[in-house]
Amino acid sequence: MDRRKGMKWVYGLVDMQSFYASCEAASRPEFAWKRREDDDFTDPPLLVSGDPARRSGIILAATPAAKRSGVDNAMRLGEALQRCPEAIVVKPRMEFYLETSVRIRRMIEHLFPLHEPFSVDESFFAFPYPSHLFSDPIAAVRELKQTVWDLFRIRCRIGLGPNKWMAKMANKQAKKHPDRIVWWTEQDVPTQLHRLSVFDMWGLKRRAKILHEEFAARTIGDVAEIPESKLVDRFGVWGTIIHRWSRGEDDSQINPHSCEKPHKGISHRTTLPRDFYKREEIAVVILELLDEVCRRARSEGQKGRRVGLGLTYEGLQGGFYKAKTVDFYSDEANEWYPVLLQLLDRWWMGDGVRAVSVSLDLLQNTNALQLSLFNDAVKQNRLSRAVDDIRTKYGEISIMRAVSLGKAGQFKERSKKIGGHYM
């Protein structure tokens, strides 16, 4: 509440519908002419997924027409095509999606200067109400929704609330609303929020199952009746957060500079074209990912103390993630690689590996070098930065390790992608 002017702030969350798939449908003339904003099923049954030629990969996005046939995000492409044989499959174009996301974000900023990017297809915003500029919140966001469609031919849904968390919850309900806009106030907490299932509480993940099984909470209203002390005993600091969320309370503020925060951790993950069973093949992929992680750390002027390795097994089922902390900071792959191999040898039991991830965290901005009697740290640092400079100037594959040229190497294929997906 702004006590000087007697105004409250209304928070909003706008979410683009099936963003990647919508971008594809909107950009293709054979589909664009027949699409209507008020009818999801004027879209083609289109899937964005891996490599259509090899019929491999998982579903990154699907239009409503494809989802009506039982296709879900993260489903394997082969299964999706069994459920929707007429589906049109396209490879992801991440550069195009990111460019569209930035353009939409700039448009949102024009309408609502106080905004915060939340993901590639979501943004928070806030505005004072009542005010001369925002006398009718519904009319204001309806203009946003219409502008997104007029300029980009992408449908969106919008949730409004007295804080960011309530806006997110209202946004989830907007998916079912004919107008795709829902506005909740404090008065809607007992009548709207509390009737929802405990599993609808955004941000809880596995904690929702614990609330259901250990506290017999079926609805968010049931959670609101649990004493805060009991929640804290079970969940620690998360207990207080759950207690406040169940009452529709959230003090989080809009942060326009959220994307500029220093990294808490850096990671890269790749899904392999086949199951890898040989240690030497998995080791090649680990080294390639580690090179990318360390290069990003150097570009940000950061070094880490903990490195992590994650393996996902065949069928993208099962696996592990393990990490190890050391007593020095480093951004050099040659220092971290033996540590990752130790994790591999200790925790990998020989199962087929379909995805590998490498992470570096406990980051710190530092220029200090870890000196060694056996390695020339200064020389190694200069070499790494020289390689970084060559790749920046001449491209990712202008210089690479010899092992990346073998059958196990994924570096050349990954260089064609953004965020693990084709540009």
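Student: Which residues gather in a patch of positive charge on the surface?

Tutor: This is a predicted model, in which local features need pLDDT of at least 70 and side-chain atom pairs count only at pLDDT 80 or more, while totals for chains, interfaces and linings use all residues. Residues are numbered from 1 along each chain as its sequence is written, and side-chain values use heavy atoms, with hydrogens and water left out. A patch is made of residues with over 30% relative accessible area and no salt bridge, like charges being joined within 9 Å and nonpolar side chains (Val, Leu, Ile, Met, Phe, Trp, Tyr) within 5 Å. Lys and Arg count as positive and Asp and Glu as negative, with His and the chain ends not counted; the place of a charge is NZ of Lys, CZ of Arg, CG of Asp or CD of Glu. Here the patch consists of Lys 67, Lys 175, Lys 176 and Arg 195.

Student: Where is Lys 175 found, and is Lys 175 buried or exposed?

Tutor: Helices (H or I, at least four residues) and strands (E, at least two) are DSSP runs, numbered from the N terminus. Lys 175 belongs to the loop between helix H7 (164-174) and strand S8 (181-183). Accessible areas come from the Shrake-Rupley method with a 1.4 Å probe, and for residues only the protein chains shown count as cover. Buried means under 20% relative accessible area, exposed over 50%, and partly exposed in between. Lys 175 is exposed because its relative accessibility is 60%.

Student: How many salt bridges does the rule count?

Tutor: A salt bridge is a side-chain nitrogen of Lys or Arg within 4 Å of a carboxyl oxygen of Asp or Glu. The count comes to 22 salt bridges. One of them joins Lys 8 and Glu 186 at 3.9 Å, N to O. That pair links distant parts of the chain, 178 residues apart: Lys 8 is in strand S1 (residues 8-16), and Glu 186 is in the loop between S8 and helix H8 (188-193). Lys 8 is partly exposed, at 39% relative accessibility, and Glu 186 is partly exposed at 39%.

Student: What is the N to O distance between Arg 35 and Asp 43, and are these residues buried or exposed?

Tutor: Their side chains meet in a salt bridge at 2.7 Å, N to O. Arg 35 and Asp 43 are both buried. Asp 38 and Arg 36 form a salt bridge at 3.4 Å. Salt bridges that share partners also join Arg 35, Asp 40, Asp 43, Arg 155 and Arg 180 into one network. Asp 38 is exposed at 63% relative accessibility, whereas Arg 36 is partly exposed at 45%.

Student: How many disulfides does the structure hold?

Tutor: A disulfide is a covalent bond between the sulfur atoms of two cysteines. The criterion is a pair of cysteine sulfur atoms within 2.5 Å, and the structure holds zero disulfides. Cys 23 is buried, at 2% relative accessible area, and Cys 294 is buried at 0%. Cys 84, in the loop between helix H4 (77-83) and strand S4 (88-90), is buried at 0% relative accessibility.

Notes
Buried means under 20% relative accessible area, exposed over 50%, partly exposed in between (1.4 Å probe, protein chains only).
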